[in-house]
Amino acid sequence: QVQLVESGGGSVQPGGSLRLSCTISGSIIHIFAVNWYRQVPGNQRELVATIDSGGQTNYTDSVKGRFTISRDNAKNTVYLQMNELKPDDTAAYYCNMGDPGSAFAQHYWGQGTQVTVSS
């Protein structure tokens with residue numbers, strides 16, 4: 001069974017940085033797109049960043065220029081480097097595998113990692 005395990009969340013002051021990691025079991029990471037979502041209680045999950053199997057990336061407008069998604073297929077891991085963090089970035093961040101919003105992708109979620117940006 002494929003498992004997605006996130007790590008790297010925590011508390012940081014505005015302007016700080018964090019790097020989230022998503023390790024996916026099964027050595028299949030090179031086949032699929034991998035996505036980072038975030039969710040604030042009471043709101044829908046928001047797609048933050050995507051990296052496809054070819055390495056092409058996409059970002060939601062609010063994080064462009066601050067966040068970078070990357071992948072290391074040898075380590076079965078996708079990263080989300082988050083710089084210049086703002087209080088509005090506070091959320092639970094989730095790793096997801098597959099084309100965003102696809103039926104396939106609904107089966108592959110991590111457990112989430114909390115990011116809190118506060119002074």
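**Reading a sheet and its disulfide**

Modeller: Four strands, E1-E3-E8-E7 in that order, make up an open sheet with antiparallel pairing. From one strand to the next, the twist averages 15°. This is a predicted model, in which local features need pLDDT of at least 70 and side-chain atom pairs count only at pLDDT 80 or more, while totals for chains, interfaces and linings use all residues. Residues are numbered from 1 along each chain as its sequence is written, and side-chain values use heavy atoms, with hydrogens and water left out.

Biologist: What is a strand, and when do two strands pair?

Modeller: Strands (E, at least two residues) are DSSP runs, numbered from the N terminus. Two of them pair if DSSP finds at least two bridges between them. Here E3 and strand E8 (residues 77-82) pair in the antiparallel sense over 6 bridges. Serine 21 stands opposite tyrosine 79 in E8.

Biologist: Which cysteines does a disulfide join?

Modeller: A disulfide is a covalent bond between the sulfur atoms of two cysteines. The criterion applied is a pair of cysteine sulfur atoms within 2.5 Å. The search of the whole structure finds 1 disulfide, joining cysteine 22 to cysteine 95 with an S to S distance of 1.9 Å. The pair links distant parts of the chain, 73 residues apart: cysteine 22 lies in strand E3 (residues 18-24) and cysteine 95 in strand E9 (residues 91-97).

Biologist: Why is the disulfide left-handed?

Modeller: The torsion about the S-S bond of cysteine 22 and cysteine 95 is about -75°, so the disulfide is left-handed.

Biologist: Is cysteine 22 buried or exposed?

Modeller: Buried means under 20% relative accessible area, exposed over 50%, and partly exposed in between (1.4 Å probe, protein chains only). Cysteine 22 counts as buried because its relative accessibility is 0%; cysteine 95, at 0%, counts as buried.

Notes:
Axes fitted to C-alpha atoms, helices over the stretch in contact; angles between N-to-C directions.
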